[in-house]
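Some comments on the model follow, as numbered points. Please read them alongside the coordinates.

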2 protein chains.
Amino acid sequence: MATTDDRYRVQSLGRGLELLDLIARRGREGGRLSDLAREISLSKAACYAMLQTLLARGYIADRGKGIERRYRLGMTLVRLGEQAIGNIALSDIAVPVLRDLTAAVGLTSRVAVLDDGYAVVVGRVDAPGAIRFDAALGRRELPHCSAVGKALLASLPSEQARAILHRTGLPERSPHTLTTESALMHDLADTLRRGYAIDDEEDTEGVMCVGACVFDRSGAAAGAISVTGLKQRILDRGTDIVGHAVIRHADRISAAMGGPPVAEAWRERRAGQQPA
Amino acid sequence: MATTDDRYRVQSLGRGLELLDLIARRGREGGRLSDLAREISLSKAACYAMLQTLLARGYIADRGKGIERRYRLGMTLVRLGEQAIGNIALSDIAVPVLRDLTAAVGLTSRVAVLDDGYAVVVGRVDAPGAIRFDAALGRRELPHCSAVGKALLASLPSEQARAILHRTGLPERSPHTLTTESALMHDLADTLRRGYAIDDEEDTEGVMCVGACVFDRSGAAAGAISVTGLKQRILDRGTDIVGHAVIRHADRISAAMGGPPVAEAWRERRAGQQPA
DNA sequence: TTAATATGTTTGGTATAGCCAAACACCATT
DNA sequence: AATGGTGTTTGGCTATACCAAACATATTAA
């Protein structure tokens, strides 16, 4: 593994990126030099030089000059972000299929990949006239209380799933969140049996998600897709009906990537789990 | 203006960002340490440290370990890029440019977006000592008798433009208002050809406006800007001179949002309209 | 097998350049 | 005027970013 030693890092580059994250956290309002310098524990002069550097390359933009100059994220990040998404082949393949899925079940659908233990949304198709669920691209979903997250966890060996949960923890996002490891591992076993994962108000009250994994050539889970909607709406359509619609579309994506369908990919894992 | 002197920059941060751009240029395949180090004219060791730093914060991701380790853009950029888009408010970008425009032509200028068929004013810069035209923020302009409205209509497919006109109607605001659909559609075709829209006393007698569209990354019209003044004053300066000044400033705003200039955005639409 | 030549990783030593403190210019307040 | 905020600019100290070179590892060729 690559060493985590600070010796092999470039300090001022790291500080610059931290500053960028800091500015991102300020959102639309942006941040001022003095505040940013204080928060990052750097002298105004040093922070100023960094801001100028980020500015020159378009990573940040400045609004207002003189006394109340404010810095916010710039256009270069838009370009790089678009490109980063484009580099993930999955999103290109998945989004057209998600359009069909959304058309079929009338629910907002998403595709996510596992990154550093979190589920990162890389594609999205909104249901027409649906309530806008917060599903921004790049959003990091907690793995233990989202359908995509649980589908991805179910694909991993229990060891790895546990390791991820230890890092992310199991914060209580709603009264229905599964907050114990044993409860969640039990749910993952159910997920394997069913073939699709259910998020039953575990992140947001009243909101339900149903998700399934997509697999690539190697047979490993390349990501997961899910549909999101008000719980009552999904119950009306029948959870299992929706679940199998999700699986059917996930399998189409897997096929396009040369991977096996869910039923096949999880066959041996299921065999290992069921007797236990 | 902020100095462009290298003295006020952080060299290694700049190099790191350049490295990021370099990796972006490699696209899906990504880049290898040796190649990247050579291209950026840095020792392998230095480049290695930078890559580790970018990696630790998720700005890049690595695929394959050991001999053929490859680096490509990471998930953090997806998140930051999406956020950057959300943070860009048209009025923020437009107003500073409008200041320049007002200074250049000595006329009050405005920026508006299309909302539910009406042009909504979201930013304004008054000309010094000019007659105060009623240009309050949030004001809903009728699309058929304002420069911003007609510029926006001209950007839409004829179908949609007609649909909007059916909803808003074509009330006669002055003796010069175009009150028939055919007259207006004809005027929109002229607008496409010119690149800028003219409101010739169509809303208020004696008052003339000249407007042009601004475009975002997707190539769609994000809004429009216009200048307003007494008709005689604009004729004195030359309508076409003013029109091209408006276009020039609109293009600056479009560029800041990653969009194309008017000439480019309307090229194919013009081609479709002209023979008709 | 052995050698050769790629790759990525690790190591000191040195000069650079990044950082701080303080002064400066500017604009709001009071 | 005077005060207390901004952002900008300056010198000087020293931390640190960089290079060269050695090391480890893997693929190729003889």
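1. Surroundings of DNA strand D. In this predicted model, 24 residues surround DNA strand D, and the closest are Gln11(A), Arg32(A), Ser43(B), Ala45(B) and Ala46(B).

2. Elements at the DNA. The largest share, four residues, is that of α3(B).

3. Composition at the DNA. Sorted by class, the surface near DNA strand D holds 12 nonpolar, seven polar and five charged residues.

4. Contact between the chains. How many residues of chain A are in contact with chain B? There are 41 in chain A, and they meet 39 residues of chain B. On the side of chain A that touches chain B, at least two residues each come from α1, α3, β2 (70-73), α4 (75-87) and β4 (118-125) of chain A. Of these, α4(A) gives the most, with 10 residues. By class, this side of chain A divides into 22 nonpolar, 11 polar and eight charged residues.

5. Confidence. Chain A has a mean pLDDT of 87, with 93% of its residues at 70 or more.

Technical notes: Residues numbered from 1 in each chain as written. Chains lettered and ligands numbered in written order. Predicted model: local features only at pLDDT ≥ 70, side-chain atom pairs only at ≥ 80, totals over all residues. pLDDT = per-residue confidence, 0-100. Near = placed C-beta within 6 Å. Nonpolar A, V, L, I, M, F, W, Y, C, P; charged D, E, K, R; others polar. Contact = placed C-beta atoms within 7 Å.
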